[in-house]
Amino acid sequence: MERDIYTAEHDAFRDTVRTFLAKEVLPHHERWEREGIVSREVWRAAGRQGLLGLAVPEEYGGGGTGDFRYSAVLIEEFARAGASGLALSLHNDIVGPYLTRLATEEQKRRWLPGHTSGELITAIAMTEPGAGSDLQAIRTTATDRGDHYRLDGTKTFISNGILADLVVVVARTTPEGGSGGQSLLVVERGMAGFERGRNLDKIGQKAQDTAELFFDGVRVPKENLLGEENQAFSYLMGNLAQERLAIALGAAAAAEHVLELTVEYVKQREAFGRPLARLQHIRFEAAEMATETAVTRSFLDRCVTEHSAGRLDAVHASMAKWWATELQKRVVDRCLQLHGGYGYMTEYPVAKAFLDGRIQTIYGGTTEIMKEIIGRSLLG
């Protein structure tokens, strides 16, 4: 069925994204995977193409649109291309809202032009070695020292951790921390005491730099407090619906694309003297996956519409996230099986999709956390 959530303007933007991927990303992605990091130049190229800061007001160099459908197009096309290294959605849809909604006018003038040009790459540092999905267990501390905070602690699994010039750090600003005692501090490249650990060796998304970050007595000026002190938890909760929807959209697009590749593969591949596509089991497998992806797409399109209208709640975002990412995992695994031994070879896109997609049910809140959110809404 034809999707009806996009207009001609969105379709034109999709063509722009595909051209950018073909010219600036795909010719280099294999090298970036070997190196474990993308180039800074591709970020600047994304800025020149208008792919950064889509929701940032035009006065700061951004796209000036609150229409999330443009972000959805970007997410879908990057997922279909398997371009997991360039974390534009993290920059635009996860970090961006904190800067546009919480920053003071002075902070906006300082940070947003670089954010939209690709000169300032961003990251958000929530996860710690002892605190994954449990944000209330964060132990990194920011001690008030008058005109600045002293920041101490460790973060891990931070996407864009090596390249980031601005890191939004979640830290305790009261001794008890928890939901009422955390704040957001912006740490900038070069601040004394801010160190990056190793670029972590992951099973997938090899081109996406993911790092440990260390803060040892970092002097963070009060001017780098983002929003109000002790309000970080409410800010984080308010932003998670968009983050989880973004992950879900990428998951669905990846599943659809791998299924398309697999359908073409089984039409050409022969076994027992005839194409695999003529075997009833193969047709049933394809039928089940096509139905599941079509139903999922319908729900996600509704979520995009609701989010663009400001109505998507945490419960439905959690439904979208756990369902779409678990679907991606199932579909890619079944498609790899249908490829046989060739599916295990890394030169085949299905093998890369298998490795890259495994994180989807973990980051942004695990499947188990998503179910807990939904269950609490139903049962208290």
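A salt bridge is a side-chain nitrogen of Lys or Arg within 4 Å of a carboxyl oxygen of Asp or Glu. By this rule the structure has 35 salt bridges. The model is predicted: local features need pLDDT of at least 70, side-chain atom pairs count only at pLDDT 80 or more, and totals for chains, interfaces and linings use all residues. Residues are numbered from 1 along each chain as its sequence is written, and side-chain values use heavy atoms, with hydrogens and water left out.

**Salt bridges**

- Glu285 and Arg334 are joined through their side chains by a salt bridge (3.1 Å, N to O). This pair links distant parts of the chain, with Glu285 in helix α7 (residues 280-308) and Arg334 in helix α8 (residues 314-339), 49 residues apart. Helices (H or I, at least four residues) and strands (E, at least two) are DSSP runs, numbered from the N terminus.
- Glu285 is buried at 15% relative accessibility, and Arg334 is buried at 17%. Buried means under 20% relative accessible area, exposed over 50%, and partly exposed in between (1.4 Å probe, protein chains only).
- Asp152 and Arg150 form a salt bridge of 2.7 Å, N to O. Asp152 counts as buried at 19% relative accessibility, whereas Arg150 counts as partly exposed at 32%.
- In the salt bridge of Glu306 with Arg311, the closest N and O atoms are 2.9 Å apart. Glu306 is buried, at 17%, while Arg311 is exposed, at 52%.
- A network of salt bridges links Arg3, Arg14, Arg18, Glu76, Glu77, Glu256, Arg297 and Asp301.

**Strand β5 and its partners**

- Strand β5 (residues 182-188) has six of its seven residues buried, so it is largely enclosed by the rest of the structure.
- Strand β4 (residues 166-172) pairs with β5 in the antiparallel sense over seven bridges; two strands pair if DSSP finds at least two bridges between them. Val187 in β5 is the bridge partner of Val167.
- Strand β8 (residues 225-226) also pairs with β5 in the antiparallel sense, over two bridges. Here Leu225 of β8 stands opposite Leu185.

**Surface loop**

- Ile203 lies in the loop between β6 (194-199) and β7 (210-221). This residue is exposed, with a relative accessible area of 59%.

**Annotated N-terminal region**

- An unreviewed UniProt entry annotates residues 7-119 as "domain: Acyl-CoA dehydrogenase/oxidase N-terminal"; such annotations may be inferred rather than shown by experiment.
- Over residues 7-119 the chain is 70% helix and 0% strand, and the end C-alpha atoms are 31 Å apart.
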